[in-house]
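The following exercises ask the reader to work through a structural model step by step. Please examine the sequence and the structure before reading each solution.

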Amino acid sequence: MLDQIKAFLGGLRGGDETAPDASNPDVAAVALFFHVIGADGVIDDVESEKLKSLIVEEYGVSGAELRQLVEAGEQADREAVDLYAFTSVLNRSLEPEAKVHFIGLLWTLAYADGHRHELEDHVVWRIADLMGVSNRERVLARHRALAAAGIDESEAAGDGD
């Protein structure tokens with residue numbers, strides 16, 4: 001499962017750097033990462049560093065490749081009109097177990113700053129829905145991310161989960 005995710009992010013393809021290829025699963029995934037951490041209107045240093053470390057740890061991308069992928073994902077997110085363009089690419093690239101793992105990564109990023117924000121929660125919920133991840137799997141992934149971030153479950157209550 002992790003090998004599949006590593007493979008889809010590991011194969012950053014060259015191309016026109018001024019126009020990121022949102023059909024590239026690598027770019028689509030990082031664009032969604034940016035969409036989640038920016039949902040509350042603020043991308044702080046903690047979230048930015050967590051995004052980079054997550055890519056390095058999970059996918060083995062570093063150096064110039066990491067910078068290119070981060071820049072392409074950020075630009076793709078800025079230019080996006082909806083989430084479907086990215087989730088449809090990932091739906092074609094990932095098996096069901098890998099989709100659940102990907103949603104877990106999104107939750108990890110949502111809680112990277114140690115706080116729960118309902119807009120970030122909503123974006124992850126919407127992405128999970130578009131990717132066909134069940135409510136049960138989404139909630140379980142969310143609880144794992146909350147525990148890993150040290151956020152009290154009661155702080156995250158009241159959002160329908």
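**Exercise 1. The packing of H2 and H5**

In this predicted model, H2 and helix H5 (residues 84-93) pack at an angle of about 130 degrees, with their axes 9 Å apart. Classify the arrangement of H2 and H5, and state which residues make the contact.

*Solution.* 

Step 1. Angles over 145 degrees would count as roughly antiparallel, and 65 to 115 as roughly perpendicular. The angle between H2 and H5 is about 130 degrees, so H2 is oblique to H5.

Step 2. The crossing of H2 with H5 is left-handed.

Step 3. H2 contributes Pro-25, Ala-28, Ala-29, Ala-31 and Leu-32 to the contact, while H5 contributes Phe-86, Thr-87, Val-89, Leu-90 and Ser-93.

Step 4. Sorted by class, the residues of the contact of H2 with H5 comprise eight nonpolar, two polar and no charged.

**Exercise 2. The packing of H3 and H4**

Determine how H3 and H4 are arranged and what classes of residue form the contact of H3 with H4.

*Solution.* 

Step 1. The axes of helix H3 (residues 45-59) and helix H4 (residues 63-79) lie 11 Å apart, and the packing angle is about 125 degrees. H3 is therefore oblique to H4.

Step 2. H3 and H4 cross in a right-handed sense.

Step 3. On the H3 side, the contact involves Leu-51, Lys-52, Ile-55 and Val-56, which meet Leu-66, Leu-69 and Val-70 in H4.

Step 4. The contact of H3 with H4 has six nonpolar residues, no polar ones and one charged.

**Exercise 3. The packing of H6 and H8**

Describe the crossing of H6 and H8 and the class composition of the contact of H6 with H8.

*Solution.* 

Step 1. Helix H6 (residues 96-110) and helix H8 (residues 135-149) have axes that come within 9 Å and cross at roughly 40 degrees. Angles under 35 degrees would count as roughly parallel; H6 and H8 are therefore oblique to each other.

Step 2. The crossing of H6 and H8 is right-handed.

Step 3. From H6 come Val-100, Ile-103, Gly-104, Trp-107 and Thr-108, and from H8 come Glu-137, Arg-138, Ala-141, Arg-142, Arg-144 and Ala-145.

Step 4. The contact of H6 with H8 contains five nonpolar, two polar and four charged residues.

**Exercise 4. Salt bridges and their exposure**

How many salt bridges are counted?

*Solution.* 

Step 1. The count comes to three salt bridges.

Step 2. Arg-116 pairs with Asp-121, and the closest N and O atoms of this salt bridge are 2.8 Å apart. Asp-121 is buried because its relative accessibility is 5%.

Step 3. Arg-126 and Asp-129 form a salt bridge whose closest N and O atoms are 2.9 Å apart. The two residues are three apart in helix H7 (residues 118-130), so about one helical turn separates Asp-129 from Arg-126. Asp-129 is partly exposed at 43% relative accessibility, as is Arg-126 at 32%.

Step 4. Arg-136 and Glu-137 meet through their side chains in a salt bridge, at 3.5 Å from N to O. Glu-137 has a relative accessible area of 27% and is therefore partly exposed, whereas Arg-136 is exposed at 57%. Glu-137 also belongs to the contact of H6 with H8.

**Exercise 5. A loop residue and the chain overall**

Is Asn-24 buried or exposed? Place Asn-24 in the chain, and then summarise the secondary structure of the chain.

*Solution.* 

Step 1. Asn-24 lies in the loop between helix H1 (2-10) and helix H2 (25-37).

Step 2. The relative accessible area of Asn-24 is 2%, so Asn-24 is buried.

Step 3. Asn-24 and Gly-73 are 49 residues apart along the chain, and their C-alpha atoms are separated by 10.0 Å.

Step 4. The chain has eight helices and zero strands, and its pattern along the sequence is α-α-α-α-α-α-α-α.

Step 5. The chain has 161 residues, of which 42% count as buried. Among contacts in the chain with a separation of 6 or more, 72% are between residues 24 or more positions apart.

Key. Residues numbered from 1 in each chain as written. Predicted model: local features only at pLDDT ≥ 70, side-chain atom pairs only at ≥ 80, totals over all residues. Heavy atoms only, no water. Helix = DSSP H or I, 4+ residues; strand = E, 2+ residues; numbered from the N terminus. Buried < 20%, exposed > 50% of the residue type's maximum accessible area, 1.4 Å probe, protein only. Axes fitted to C-alpha atoms, helices over the stretch in contact; angles between N-to-C directions. Left-handed = near helix turned anticlockwise from the far one by under 90°. Contact = heavy atoms within 4.5 Å. Nonpolar A, V, L, I, M, F, W, Y, C, P; charged D, E, K, R; others polar. Salt bridge = Lys/Arg side-chain N within 4 Å of Asp/Glu carboxyl O.
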